[in-house]
Amino acid sequence: MNADATGMAAARAAPPPRLAELLAKQRPDWHSEWAWANYKSTLVDLVRAYHLRHLCEIGGGRDPSFTAEEAAELGITLTINDISAAELEKAPPGFPTACFDVSGDIAAAGIAPGQFDLMFSRMVFEHVKDVRQAWRNIHTLLAPGGVAVAFFPTLYSLPFLANHLMPEWLSSAIVRAFYPNRGEETDDPKFPAVYDWCFSSEARMLPMLRDCGFSDVAIQPFWGHGYFKRLPVVRQIDDAFNALAARRDWRSMSAYAYVLVRK
């Protein structure tokens, strides 16, 4: 066996890193800008660290995180999931698709257990009505050693708390007023949000996730958002408050979170 092959064998034989260790190596910043900018690279790091090959993007619909070329370069197969058949019809070509509700009856939907190495979602879990059941289903669908990642907005950051409390017709009107590129007819539609289990607090999240069967859990909170960028004074006050909340680790004031779990 040559030196390169010996090194690869040793790397595969070494125990895989804990999820928190992998996140720490990326040196995440407290601000949510880092979360958005590094989401895909986090997924790539997981693929490489745990040798994950069969991926499923939950709620990927028309806008999956990887192109077909990127998937081929990584040596992965990517199944695009969505609850909506209409969204999957808008998915780019070159990917298998799976239409099912991640929090629904996956057995009745004919989804085989243990078929994915990595399941991930971006801005999806705030729309899921039964997040606990979604995590249980993800545990069922993951192969042994499989990993899942959810990137979502958290309560009780002010914009998301307001969105949670106000009726959908009002929140939709506000979004259209400030973000005219959002809408069903665009590539960035707005869906109703319920924020079930959308927290970054370990005290809240860890017992639930462990009850769902996950042996390794890492939660990375982020503060700050872009919803006040057109309101200069409000933005400056909010930015200062979020910087303070990050320094004090006030999880109830976070705006987003990465939740990573391993089966």
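A salt bridge is taken here as a side-chain nitrogen of Lys or Arg within 4 Å of a carboxyl oxygen of Asp or Glu. The views below show a predicted model.

**View 1. Salt bridge between Asp211 and Arg132.** Asp211 pairs with Arg132 in a salt bridge whose closest N and O atoms are 3.7 Å apart. Because Asp211 belongs to helix 9 and Arg132 to helix 6, the pair ties together parts that are 79 residues apart in sequence. Arg132 is partly exposed, its relative accessible area being 25%. A network of salt bridges with shared partners joins Arg132, Arg136 and Asp211.

**View 2. Packing of helix 6 against helix 9.** Helix 6 spans residues 131-141 and helix 9 spans residues 202-211; their axes lie 9 Å apart and form an angle of about 45°. The crossing of helix 6 past helix 9 is right-handed. On the helix 6 side the contact involves Arg132, Trp135 and Arg136, and these meet Met208, Leu209 and Asp211 of helix 9.

**View 3. Salt bridge between Arg251 and Glu202.** The closest N and O atoms of the salt bridge between Arg251 and Glu202 are 2.8 Å apart. Arg251 sits in the loop between helix 10 (232-248) and strand 7 (256-262), whereas Glu202 is in helix 9; the pair thus links distant parts of the chain, 49 residues apart. Arg251 has a relative accessibility of 17% and counts as buried, because the cut-off for buried is under 20%. Glu202, with a relative accessible area of 28%, is partly exposed.

**View 4. Salt bridge between Asp63 and Arg122.** The side chains of Asp63 and Arg122 form a salt bridge with an N to O distance of 3.2 Å. Distant parts of the chain are linked by this pair: Asp63 lies in the loop between strand 1 (54-58) and helix 4 (68-74), and Arg122 lies in strand 4 (residues 116-122), 59 residues apart. Asp63 is partly exposed, at a relative accessible area of 44%. Arg122 is likewise partly exposed, at 26%. Across the whole structure, a search finds eight salt bridges, including the pair shown here.

Technical notes
Residues are numbered from 1 along each chain as its sequence is written. This is a predicted model: local features need pLDDT of at least 70, side-chain atom pairs count only at pLDDT 80 or more; totals for chains, interfaces and linings use all residues. Side-chain values use heavy atoms; hydrogens and water are left out. Axes are lines fitted to C-alpha atoms, for helices over the stretch in contact, and angles run from 0 to 180 degrees between N-to-C directions. Helices (H or I, at least four residues) and strands (E, at least two) are DSSP runs, numbered from the N terminus. A crossing is left-handed if the near helix is turned anticlockwise from the far one by less than a right angle, and right-handed if clockwise. Contact means heavy atoms within 4.5 Å. Buried means under 20% relative accessible area, exposed over 50%, partly exposed in between (1.4 Å probe, protein chains only).
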